[in-house]
Amino acid sequence: MRRDATFDAGQKIQEYVKNFFTTGNVVVRVGLIVLFFGVAFLLKYAASRGLVPIELRLCGVAAGGVALLVLGWRLRMKKEAYALLLQGGGIGVLYLTVFGAVRLYELIPPVLALVLMVAFIALAGMLAIVQNARSLALFGACGGFLAPVLVSTGSGSHVLLFSYYALLNAGVLGTAWYKAWRELNLTGFIFTFGIGALWGASYYRPAHFATVEPFLILFFLMYAAISILFALRQPPRLKGVVDGSLVFGLPLVAFGLQSALVRNFEYGLAMSACALAAFYIVTATVLWKKQAEGLRLLTESFLALGVVFGSLAIPLALDSFWTAGSWALEGAALVWIGLRQRRCLARSFGLLLQLGAGVALCFGLFADPPADTPVVNAFYLGCLLVSLAAFFSNYCHCMYRDRLMTWERTLHGFIMVWALLWWFGGGLAEIGRHAATGHGIFAALVFLSLSACALSWLNRKLAWEDCLFIPCGLLPALIPLAAATFYLSAYEHPCARWGLAAWLLALGINYYLLKIHEQAWPKNLVGSFHVVSLLLATALLAFEAAYWSNQALREAETWQFVTWCIVPGCVVAALYAWGRRLTWPIQRWSREYLCAGTGILAGFLAGWIVAGCLHKGSPAPLPYLPLINPLELVQIAAFLVIGKWYKENRAEAAPYRSVFFSVFAAGVFVWLNSVLARATHFWAKVPFDGSHIWDAPVFQTSASILWTLSALGAMTFAVRIQSRRVWFTGAGLAGIVVIKLFTVDLAGIGTVARIISFIGVGVLLLVVGYFSPLPPRRSMEDTQ
């Protein structure tokens, strides 16, 4: 890359030299070069020989320069190019004469030399403007800017230097009033700020601030005006063209020099950035109001610079949290302006600013820990501003969707995700940092519920499409909060403190959202949410009831255990008894509530019955009575509720009828055995665990009779419904009883008990065989 750049530069130099000696009036150019060398040799020769006094020699050389100027001026109408070369050569001779007088011979003081050079520069400028000679003006400017360098002894005043440059730049500004000469503008800009930077690096001290700062401001204003004049003075075919090097290079160079001047001042750089931002924004506003032809691009450039320096001033003055908030608001404003004016660059910069705001906020967490004041602290307010800016940007995208570029439409959803991330993330983080123990979950409930309600309102009020499905997330968010409440159940319950109000608000808003959005959201989604809402409300009620039953009877865990079945059972019973009276939501979503929702609750009851079979079921402080105790009474009620559910939904459950009855019958059989085991535990004082209960002789005798009775019931029922499958099930159970009688060790039973077992089982089997013969094959119609 470097070798190629060097090669290109060499080619340009060769081409320039070739053109200089092959195009235009070559003879005059060569003659001027020879003349310059001749004058130089003459001065050297005269100085070495002492032939003529030095004053006369310099006057003679100056007279020769004036002669060239006069001759060039007189020939301007006949031979324009030739005349301009003569005039340039004459001015050059005068420059050399003054330089020799002040540096080589010290015949005149430096101040007088500067005055003479200013005069020569002014003369060159006037000649250039009158003759429209850009090269002559450029030549005069270069000589003028180099003059103080050439005559300087290193001990002069910087005020004098910058005053001189102010005069020169006034000449450049005056030229720019008439001519759009970009080369002259850039030459003045480079010399002014370049030599100023070199002086500052070598000689600047903080004590010089009061005398240097005004000149920097003056030079900045001059070249800002020159950039405006350049755009105004363009020919018609180039109207609207701006000098990008000057427009964007000026603030960068000036701000860099300013940073060196104010580095010892607190907030000095921030105030400088604010001043630059104000200058560019005010200038852009004035230019916009004037609506001058060809200034639109320049106005937009100035506005962009104002925005950039305004953005830069924020982190220079504020901490990262306020920087994030300010950048976010500024970015949202740029997105809105960019959409209104169809400016993709402004919109892109606005989104980039919002991304930077989020990054600044993240870095701020490590650099500046948030204050302890709830809500009104820099961190949370920063999160709030970032999220609100993103919400506003997303809304603008929705409103002006037709003005978006293709790639911008892909970012549409990400803007909303970004807004939600900072809104909910910041809010929940603030709750986690400041909420007292036990209050955090309820505060999160209120925050999430009100946020979902507000987004739903915005969707309907502003026709904001992207807010339509966001409230769907409320119900899924309530589930982990309910789980957290269960996890903290050692010292918490749903209605603790102000939990009742929080959960009522959350569930109320949830049903409100389901009501107003049931036409807009997919039907399957709304139906699923109704089912989940029913289950969540039931779980919270059951948990609350279990908590208070445990508080009332701390030593009796059975009462708390049965509460988990009582509440779901009552909910199912209440829905079937009075639910259809409610037009909404029960009648409107009857399948979800009276079939799917109650079906899940019925399944929970079935699982609870199985769990209850393994529970000791102590009725303390009440005495134990078989079947008439809390656990077994609630289990009986649960069986009835499950049967009620099947009766209400027999059409939907028809394909699974045989499976349902098989499982139901098996459940009843297992439950009867658990009742027998529990009676054995309480009356025979046998420990309630599997090995001790099974080995107890009284349980074996009782179980044999129970199983035989069960077999009798199954086979009798099979004959009634003409089902061979059910009959064989009962027969198999009876066979198991017979095998058990002959294989199980009954040594612990007395002789009378053994005789009773065998005789009882035998009589029952005879009854079964008489009343329940095997149905014939032709009648085998196992009910589906």
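**View 1. Salt bridge between Glu648 and Lys644 in a predicted model.** The closest N and O atoms of Glu648 and Lys644 are 2.9 Å apart; a salt bridge is defined as a side-chain nitrogen of Lys or Arg within 4 Å of a carboxyl oxygen of Asp or Glu. Because they are four residues apart in helix 25, Glu648 and Lys644 are separated by about one helical turn. Helices (H or I, at least four residues) and strands (E, at least two) are DSSP runs, numbered from the N terminus. Glu648 is partly exposed, at a relative accessible area of 27%, and Lys644 is also partly exposed, at 35%. Here buried means under 20% relative accessible area, exposed over 50%, and partly exposed in between (1.4 Å probe, protein chains only). A network of salt bridges links Arg580, Lys644 and Glu648.

Residues are numbered from 1 along each chain as its sequence is written, and side-chain values use heavy atoms, with hydrogens and water left out. The model is predicted: local features need pLDDT of at least 70, side-chain atom pairs count only at pLDDT 80 or more, and totals for chains, interfaces and linings use all residues.

**View 2. Salt bridge between Glu632 and Arg678.** The N to O distance between these side chains is 2.6 Å. Glu632 belongs to helix 25 and Arg678 to helix 27, 46 residues apart, and the pair links distant parts of the chain. Glu632 is buried, with a relative accessible area of 0%; Arg678 is buried as well, with a value of 0%.

**View 3. Helix 27, residues 657–684.** The 28 residues of helix 27 reach 40 Å from first C-alpha to last, close to the expected 40 Å, where the expected span is 1.5 Å times one less than the number of residues. Its buried residues include Phe660, Trp671, Asn673, Arg678 and Phe682. Among the elements covering them are helix 24 (590–613), helix 25 (630–648), helix 28 (690–695) and helix 29 (697–721), with contact meaning heavy atoms within 4.5 Å. Lys685 follows helix 27 and has a positive phi, near 60°.

**View 4. Salt bridge between Arg347 and Glu408.** The two side chains meet at 2.7 Å, N to O. Arg347 lies in helix 14 (residues 344–367) and Glu408 in helix 16 (residues 406–410), so the pair ties together parts that are 61 residues apart in sequence. Arg347 is buried, with a relative accessible area of 2%, and Glu408 is buried at 1%. The structure holds six salt bridges.
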